[in-house]
Each structure stands twice: as structure tokens, then as C-alpha cells.
Amino acid sequence: MNAIQHTHTLQATPQAPTNKGRHFPVIVIGGGQAGLSMSWHLKARGIPHLVLEKHRVGHEWRTRRWDTFCLVTPNWQCQLPGWPYRGSDPHGFMGRDEIVQWLEDYARSFQPPLMEGVSVTSLRRRSHGTFELDTTAGAFSADQVVIATGGYHGFQLPRLADRLPLGVHQIHSSEYRNAEQLPAGAVLVIGSGQSGCQIAEDLHLAGRQVHLATGSAPRTARFYRGRDVVDWLADLGYYDLPVHEHPLKEGVRAKANHYVTGRGGGRDIDLRRFAAEGMALHGRLLEVEGMRLRFADDLKANLDNADAVAESIKTTIDKHIAAKGIAAPEEARYTPVWVPPADLPTTVDLNAANITSVIWGTGFRSDYRWLEVPVFDGRGYPRHERGVTSMVGIYFLGLPWQYTWGSGRFSGVARDAEYLAGQIVGRMGAWMPGHHDATGERVNAVALGS
Ligand SMILES: Cc1cc2nc3c(=O)[nH]c(=O)nc-3n(C[C@H](O)[C@H](O)[C@H](O)COP(=O)(O)OP(=O)(O)OC[C@H]3O[C@@H](n4cnc5c(N)ncnc54)[C@H](O)[C@@H]3O)c2cc1C
């Protein structure tokens with residue numbers, strides 16, 4: 001096993017080849033921010049557990065973000081349990097490497113019982129109600145299991161990708177690092193969600209000719225009336241709004257994020273300004289016909305709708321300021337700096353435009369096929385209530401809008417982990433102390449790392 005156990009203080013022997021010492025009251029799968037948050041709460045309650053992480057703490061941030069990546073959310077929203085952001089720039093935006101460092105420091109701060117380099121390959125329920133986990137380090141079992149494996153397991157790639165000519169270099173947004181990694185020539189970025197827009201900006205600033213196929217993602221201003229829009233929305237209680245009180249209810253989970261950036265201390269992403277500076281904007285990519293790309297005639301609508309959302313957020317802030325009598329500087333509303341010409345072509349010839357690379361900013365898909373427990377809906381999405389599934393002892397943590405906007409982010413996972421810890425403790429009465437599993441083996445009740 002190549003588990004790197006620099007942060008763990010495991011007093012049991014999870015590497016043992018037999019089942020002895022491999023049963024835990026709780027196993028947490030995934031050592032990202034969600035898994036670590038869960039571990040912090042379990043540890044605070046003295047609940048023996050084990051965290052199994054396929055790679056290393058911070059893996060997603062370390063390996064799947066571009067070089068100039070920085071948070072879109074302000075640093076003050078980084079609020080992991082026992083680990084609030086304590087740096088000197090609460091209204092700034094940590095870069096990729098700072099985020100990785102911050103997560104590594106978090107793990108070091110409380111020494112979770114963590115095994116890195118261990119992938120869970122299947123999870124099933126045993127007849128007597130405990131759970132069996134097959135892993136790359138052998139089998140484990142647990143009374144309760146928290147699945148904190150994130151939601152971004154694979155690329156969401158439209159089959160159109162298959163039809164691009166072989167000579168075109170194609171990557172997913174999570175594989176993008178910098179402009180230099182791409183062959184010379186123009187770059188087509190597909191998708192105007194957060195990643196697509198930020199990568200388009202990165203390439204644009206690097207002097208590359210960029211084509212951007214837009215979609216229906218909304219945008220928000222970074223600052224308004226003297227403050228970060230996130231700060232205003234926090235005062236408005238948006239980040240505490242539970243999913244069942246959101247106007248879209250659970251439908252909000254499928255909505256694209258607003259595009260904006262934390263780069264350079266934070267600023268708007270104004271695609272119209274990029275267009276005025278030479279970026280080629282298009283509507284949604286519809287077809288690939290040989291060397292010819294065909295786009296929908298919806299660029300104007302996409303830009304208008306994104307602006308309308310940004311302006312509606314400002315209206316909400318204006319109302320809040322007026323209602324509370326807050327002294328905030330006035331600020332002029334946005335006026336478009338570019339509008340698509342009526343005769344904007346909806347086709348582009350790859351050769352004529354010298355497009356040599358395509359970056360798919362079309363998002364991710366989750367893959368839970370290795371979980372052999374009946375807790376999914378017809379689309380393969382976990383069915384849960386605040387992370388608690390219908391199968392006793394199986395929980396999810398870190399899902400987007402699991403409970404609030406921040407559930408799948410640094411700002412809200414602490415609340416969800418605390419809630420799940422309460423649920424887990426509530427169910428432990430039946431199991432502990434000194435519970436024996438079906439093999440007659442006493443559960444590992446060593447207070448790990450405490
Ligand atoms: C491009 C992008 C930008 C983002 N920007 C922000 C932002 O600005 N602010 C913010 O708050 N959030 C942001 N997020 C959202 C969020 O913070 C991240 O997605 C975060 O990584 C989620 O943490 P997690 O612990 O739930 O999942 P992950 O970080 O994905 O961690 C899951 C861990 O589980 C491990 N794992 C997976 N499967 C197994 C298995 N079978 N066995 C063992 N281990 C396994 C993985 O190796 C991984 O380390 C962004 C996300 C993306 C994709």
C-alpha cells in the first residue's frame with residue numbers, strides 16, 4: 001500500500017491483512033474539505049473513525065485547476081470546522097497553491113485518522129446491517145459510512161466532441177493549466193460557466209485569439225456600492241437559505257454558477273468588454289460539420305440574460321440598503337460596452353479561424369457506480385435529506401446545495417458536517433460501546449488520535 005500517513009495518528013492497524021482492527025464505527029470516504037470536516041466533528045465527539053482518501057489531501061485543487069486559478073468566493077467564506085480563514089486578506093481570493101496549503105495545514109492541525117492513497121472500490125451492506133468496503137488496501141467494514149467523494153468525478157462532454165477533426169487539440173477545463181500548454185493558434189472555449197469564462201479570460205490576457213461559445217450561465221458583479229456582492233448577499237441571509245426554502249427548491253442544484261472572478265483582487269467578467277478587445281463570442285455550439293462549426297443565434301440573448309441577472313442582484317441589494325437605511329455609496333448601473341452585430345456569422349471554419357485547440361468548459365458528472373447501496377434516484381443522483389439517506393448508516397457530505405448554497409463549498413460544509421455528526425451519534429447508541437459485529441469481532445473503539 002502506498003498510503004501516505006503523514007497526518008494520521010492511527011492507533012489501530014488498518015493495514016493488517018485480516019479483518020481484525022479493520023472495523024470502525026464510522027468510515028469517511030474522501031479526504032477533501034468535506035471528508036476532513038466530517039473527521040473534525042467526529043474527532044471532537046471522540047467517535048473512532050477512519051478517513052480513506054484515494055490520492056492526497058487537496059488532490060482536486062492541486063491537480064485539476066489552472067495556474068492562475070483563484071477562489072471566486074472571498075477568503076472569509078473559507079470556514080472549515082475549527083479552521084476559519086485566519087490570513088491577512090479576508091476579502092481577497094486564495095490562489096490554487098494557497099488553497100492546497102490551507103487544506104494541508106487543516107489536516108495537520110487536528111491529525112485526522114487518515115489513510116491517503118487508498119481508493120474505495122465498492123461499498124455494500126452486509127446482511128446484519130453493517131457495511132463492507134473493498135479498497136485498494138484490502139477490505140474494511142463500518143457501522144456507518146459518510147461518502148464525501150465530491151461530485152466531480154468525470155467530464156461532462158457532449159458527443160459533439162467526437163466529431164471535431166483529429167488534428168484539433170481537445171481538453172477539458174480541469175486539464176487546462178496555461179496558454180503555453182496549447183499549440184500555437186486560436187483557442188475555442190466551449191461554455192460560459194465559471195471555468196469557461198475564467199479560462200477564456202486567462203487566454204485572452206495571455207494574448208491568444210479566443211473564441212468563446214456562450215451558454216445560459218448567469219453572471220454577477222464582483223462589487224457593488226462599496227462592497228463585494230458576496231458580503232451583501234451574506235447580510236441578506238442568502239447563504240443560510242435551506243434548499244427547501246429556495247424558490248427553485250431542489251432544482252437549484254442543477255443551475256449553473258454565476259460567472260465572476262477573484263483574480264487580481266476580484267473583478268467582473270464582462271464578456272462584452274472582451275469582445276470589444278477582440279475575443280470572438282458565439283452562441284451555443286450546435287454542430288460540427290467537417291471543419292465547420294455551427295453556433296446557435298443566441299449570443300445576444302445569452303449576454304442580455306447574464307446582465308439581467310447581475311442587475312437584478314443589484315436591485316435586491318439596493319432594496320436592502322434602502323430598507324435598512326445603510327449609508328452606502330451610490331453606483332451607476334451597468335451599460336453594455338458591446339452588442340453583437342445583427343449580421344454576426346453563426347458558422348466558423350476551423351481552418352480559416354486557425355482554431356487549433358478546444359477547451360470544454362462543460363462541467364463535470366458524478367459517478368457513484370461503485371456504491372452498491374440503493375440510495376440513488378433514476379438519474380443516479382443520491383437521494384437524501386440534508387445528507388441523510390434512506391439507508392440507515394449511509395450519508396453524503398459536500399454535495400452542491402446539499403442543504404445550503406455553501407454545502408459544496410468552503411462556506412457551508414462545516415454546518416452540514418456538524419449536522420451529520422449529530423445524526424451519526426444519534427444512531428450510535430445502538431452500536432456502542434463494545435458492539436460486536438457478525439464475526440464476533442469487537443468494533444475498533446480506540447479513540448483514534450485523541
Ligand atoms: C473549477 C471549480 C472552482 C471552484 N471554486 C470554488 C470557490 O471559489 N469557492 C468554493 O468555496 N468552492 C469552489 N468550488 C467547489 C468546491 O469547493 C470544490 O468542488 C471542493 O473540491 C469540494 O470538496 P469535497 O471535499 O466535497 O470534494 P473533493 O475536493 O472532490 O474531494 C473528494 C475527495 O474524495 C476522494 N475520493 C473520490 N473517490 C474516492 C474513493 N472511491 N475512495 C477514496 N477516496 C475517494 C478524491 O480523491 C478527493 O480527494 C469549485 C469547484 C470547481 C470544480
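Domain bounds come from an automatic or database domain assignment. On that basis the protein chain divides into domain 1 (13–153 + 366–428) and domain 2 (158–360). The model is a predicted one: local features need pLDDT of at least 70 and side-chain atom pairs count only at pLDDT 80 or more, while totals for chains, interfaces and linings use all residues. Residues are numbered from 1 along each chain as its sequence is written.

Taken over C-alpha atoms, the centres of domain 1 and domain 2 are separated by 30 Å. Contact, defined as C-beta atoms placed from the backbone lying within 7 Å, joins 21 residues of domain 1 to 23 residues of domain 2.

Around the ligand stand 28 residues, of which G30, G32, G150, G398 and R409 come nearest (near means a C-beta atom, placed from the backbone, within 6 Å of the molecule). Two or more residues each are given to this shell by helix 1 (33–44), strand 2 (49–53) and helix 2 (59–63), with helices (H or I, at least four residues) and strands (E, at least two) taken as DSSP runs numbered from the N terminus. Helix 1 supplies the largest share, three residues. By class, the shell holds nine nonpolar, 15 polar and four charged residues.

How values were computed. Two residues are in contact if their C-beta atoms, placed from the backbone, lie within 7 Å. Ala, Val, Leu, Ile, Met, Phe, Trp, Tyr, Cys and Pro count as nonpolar, Asp, Glu, Lys and Arg as charged, and the others, Gly among them, as polar.
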